[in-house]
Amino acid sequence: MILEEFGVYCPDEATGRVEAPDTERGFIDLIQGDPRVDFQTDVVPGELGLGFGMRFRFEDGHGVRMGRVIITHPPFGNPPVTRESYSITVESDVSSMTQFDFDDDYEIQYGTWTLAIEVDGEILLSRDFHVVPKEQSPISTKLCEGPSLLS
């Protein structure tokens, strides 16, 4: 598995949702288009609207496979959860991406969050992110309002 990029995403609008029973909310939001990382970092400010994640793909020759995104994080929700997962399709020739967006205040939990990609019961890619109070990061939604900082 090849990690192409990781970091913080500016706010985006969900264009749909799909059931994901192994998540705290019971669904994941879908995003239209091909959003790119806005800030390459593993330090994530805990601010509503921001998201974090990674873009990845299989090495050539692996074809199309079903997998799972596994997110581990400090506890939140009622009852509190620390692990969520949902199905994805991963291809050799096409980048895939996953991100977690802070949609509700209760989701902003400081500490280490891990995003992992599992295929056939094996973790092929894993990336840690460190969520911190927004005051401890120069990144904010205000920076998202101007022109893109990455090309």
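1. Start at Gly111, which lies in strand β9. This is a predicted model. Gly111 is partly exposed, because its relative accessibility of 28% is not under the 20% that buried requires. Leaving aside residues up to four places away in sequence, Gly111 touches Pro74, Phe129, His130 and Val131. Take His130 from that list: 19 residues separate Gly111 from His130 along the chain, yet their C-alpha atoms are 5.5 Å apart.

2. Next, the sheet. Five strands form an open sheet in the order β4-β10-β9-β6-β7, and the pairing is mixed. The edge positions go to β4 (43-46) and β7. Each has a single partner strand, so one side of each lacks a neighbour in the sheet. From one strand to the next, the twist averages 25°.

3. How do β4 and β10 run relative to each other, parallel or antiparallel? They run parallel, joined by four bridges.

4. Now the largest nonpolar core. It holds 29 residues. Which of them touch the most other members? Phe52, Phe102, Trp113 and Ile117 do. At least two core residues come from each of β1 (2-9), β5 (51-57), β6 (64-76), β7 (81-91), β9 (111-119) and β10 (122-133). Strand β9 gives the most, with four residues. As background, nonpolar side chains in soluble globular proteins tend to be buried together.

5. Phe102 touches a run of residues from Val44 on: Val44, Pro45, Gly46, Glu47, Leu48, Gly49 and Leu50. Its contacts also include Phe52, Glu107, Ile108, Trp113 and Val131.

6. Last, the disulfide. The count is one. Cys10 is joined to Cys144, with an S to S distance of 2.0 Å. The link is left-handed, at -85° about the S-S bond. Which parts of the chain does the pair connect? Distant ones: Cys10 sits in the loop between β1 and β2 (16-19), while Cys144 belongs to helix α1 (residues 141-144). The two cysteines are 134 residues apart. Cys10 counts as buried because its relative accessible area, 13%, is under the 20% cut-off.

Note on methods:
Residues are numbered from 1 along each chain as its sequence is written. This is a predicted model: local features need pLDDT of at least 70, side-chain atom pairs count only at pLDDT 80 or more; totals for chains, interfaces and linings use all residues. Side-chain values use heavy atoms; hydrogens and water are left out. A nonpolar core is a set of buried Ala, Val, Leu, Ile, Met, Phe, Trp, Tyr and Cys residues joined through side-chain atoms within 4.5 Å. Buried means under 20% relative accessible area, exposed over 50%, partly exposed in between (1.4 Å probe, protein chains only). Contact means heavy atoms within 4.5 Å. A disulfide is a pair of cysteine sulfur atoms within 2.5 Å. Two strands pair if DSSP finds at least two bridges between them. Axes are lines fitted to C-alpha atoms, for helices over the stretch in contact, and angles run from 0 to 180 degrees between N-to-C directions.
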